Amino acid sequence: MSTGPSDSEIISLVLKGDYNAYSQLVERYKSYVFTLTLRFTKNREDAEEVSQDIFIKAYRALADFKGTAKFSTWLYTIVNTTCITFLRKKKLDVRSLDDEKTFEVADSQDSGFRANQVEQKSRQNMVNRAIAMLNPDDGEIITLFYKNEQSLEEIGSILGIEVNAAKVRLHRARARLKEKMEKYFAEEVRDL
Amino acid sequence: MKQNFFYSPLNEGSFGGNSFDGFDERLWEYIDGSGTPEERSSIEKLLETNRVWKEKYHELLEVHQLMQTSALDEPSLRFTKNVMEEIAKYQIAPATNTYINKRVIWGIGTFFIVLIVGFLIYSFSQVDWTSNSGSTLPINIPKVDFSKIFNNTYVNVFMMINVVLGLMLLDRFLASRNKNIHKEA
C-alpha cells in the first residue's frame with residue numbers, strides 16, 4: 001500500500017509524543033477513508049467532515065490499538081461506527097435507490113462524479129457512479145473489498161459479522177451493483 | 001464479450017443439469033480465488049463443457065475487473081492540514097485497559113456468581129431429601145418453594161437480567177471459540 005515507515009513504526013512514534021508523525025498515516029489512508037465515508041454521506045462536504053472526525057477519533061484512541069490486526073482494519077472499524085452514527089443523526093434515507101426518481105436525485109447530488117462528458121464515460125467514473133447508487137451497506141462492503149484491500153475475514157471483523165455472512169453480503173452487493181449497471185449504464189458499458 | 005455483459009443465462013432455461021441455486025455465488029467464489037480445490041476444479045470442468053456457465057463467468061469477470069479498476073475519491077488538498085490542526089487541540093487518551101480497574105470487573109462477576117450459587121443452595125435446602133416420593137430422582141421439584149424468592153417484580157427483573165447477561169457471555173465465548181477453530185483450520 002505504501003513505502004516509507006510501516007504503520008506500526010509511525011504509531012509508536014506518535015505514542016512517544018511525535019504527533020506530527022500522524023500526518024503520514026492521514027496521508028496514507030485519507031483516500032480510503034474518504035471513499036468509504038462517501039458511500040454513506042453521498043456528498044463530499046459531509047464526507048470530508050466525517051473523515052476528519054474519524055482521523056481525530058483514531059488519534060485519540062491510538063493507545064488502544066493493540067497491533068493484533070492491521071491498522072487499516074482497526075481504522076475502518078472506526079469508519080463504520082462513525083458513519084452509522086452520522087446516518088442516525090442525519091436520519092438520511094438509506095433505502096436502495098431503485099427507481100428512476102431516486103436515481104435522478106443521486107445523479108444530481110454532488111458526489112465528485114460530475115466532471116466533463118468524456119470523463120463521465122470513463123470506466124472508473126461509471127463504476128463509481130454505480131456504487132454511489134447502492135445503499136450504504138452495499139457500497140461499503142464493495143469498497144472495502146475492492147478498493148481498501150480487505151479480506152473477507154477483515155471485513156467480518158470491521159462490520160462485526162461472521163466471515164460467511166460477509167461473503168453472502170458481498171455477493172448480494174455485487175449482484176445489486178450489476179443490476180444498477182444493467183439498468184443505468186448499459187450504454188456506457190457498450191462504449192467501453 | 002461486450003454484448004454478453006448483460007446477458008443472463010438464468011433466463012435461458014437449461015443449466016445442463018445444474019441447479020440455479022448458488023450459481024452466481026459459486027462463480028464469484030471461483031473469481032475471488034476462494035473455495036476448496038475440489039470446488040474449483042469442478043467449476044473449471046463446467047466452464048469447459050457448459051456454455052451457459054462460461055458466458056455467465058465472463059459476465060461476472062467483467063464486472064469484477066471493472067470494480068478492480070475503479071479509482072478512489074480524493075478529499076480536498078487541505079484535508080491533512082485540517083486534521084493536523086484539529087488534533088493539535090487533543091491529547092491521546094490513555095489505553096482503556098489502564099483506567100478500567102480489573103478488580104472492579106472481577107468484583108461484579110463474583111457478586112453475580114455468589115448470587116446464583118446462593119440461589120441454588122437455597123433451592124436445594126428446600127428439598128426434602130428423606131421423603132420417598134417413588135421417583136427415581138431424590139429431588140421432588142414441585143416441593144421447592146420458589147415463591148419466597150420470586151415474590152416481587154424487582155427480583156424477577158433482576159434474575160432476567162442475570163440470565164440475559166449469562167447468555168451474552170456464553171455467546172461471546174462460543175463465538176471466540178468458533179473464530180479460533182477457523183483460524184486453526
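A: Let's start with chain A, where 41% of the 192 residues are buried (20 or more other C-beta atoms within 10 Å of a residue's own; exposed means 12 or fewer, partly exposed in between, with C-beta atoms placed from the backbone). This is a predicted model, in which local features need pLDDT of at least 70 and side-chain atom pairs count only at pLDDT 80 or more, while totals for chains, interfaces and linings use all residues. Residues are numbered from 1 along each chain as its sequence is written, and chains are lettered from A and ligands numbered from 1 in the order in which they are written.

The mean pLDDT of chain A (the predictor's confidence in each residue, from 0 to 100) is 82, with 80% of the residues at 70 or more. In residues 94-105 of chain A the pLDDT falls below 50, and this stretch has twelve contacts in the model beyond near neighbours in sequence (a contact means C-beta atoms, placed from the backbone, within 7 Å). Residues 108-117 of chain A also have pLDDT below 50, with 17 contacts beyond near neighbours in sequence.

Chain A has eleven helices and zero strands (DSSP runs numbered from the N terminus: H or I of at least four residues for helices, E of at least two for strands). Among contacts in chain A with a separation of 6 or more, 65% join residues 24 or more positions apart.

With 15 of its 20 residues buried, helix 2 of chain A is mostly covered. Helix 2 of chain A also has a kink of about 55°, centred on A:Tyr29 (the angle between axes fitted to the seven residues ending there and the seven starting there).

Leaving out residues up to four places away in sequence, A:Ala130 touches A:Leu177, A:Lys180, A:Met181 and A:Phe185.

For contrast, A:Lys66 sits in the loop between helix 3 (44-60) and helix 4 (71-90) of chain A. A:Lys66 counts as exposed because it has 9 C-beta neighbours inside 10 Å. A:Ser8 is 58 residues from A:Lys66 in sequence, with 9.9 Å between their C-alpha atoms.

Finally, the neighbouring chain. The contact takes 40 residues from chain A and 32 residues from chain B. Helix 4 of chain B gives the most to the side of chain B that touches chain A, with seven residues. That side of chain B divides into 18 nonpolar, eight polar and six charged residues (Ala, Val, Leu, Ile, Met, Phe, Trp, Tyr, Cys and Pro count as nonpolar, Asp, Glu, Lys and Arg as charged, and the others, Gly among them, as polar). In helix 1 of chain B, the buried residues are B:Arg26, B:Leu27, B:Trp28 and B:Tyr30. These buried residues of helix 1 of chain B pack against helix 10 (163-184) of chain A, together with helix 2 (37-49) and helix 3 of chain B. Helix 1 of chain B is followed by B:Gly33, with a positive phi near 85°.

Notes
Contact = placed C-beta atoms within 7 Å.
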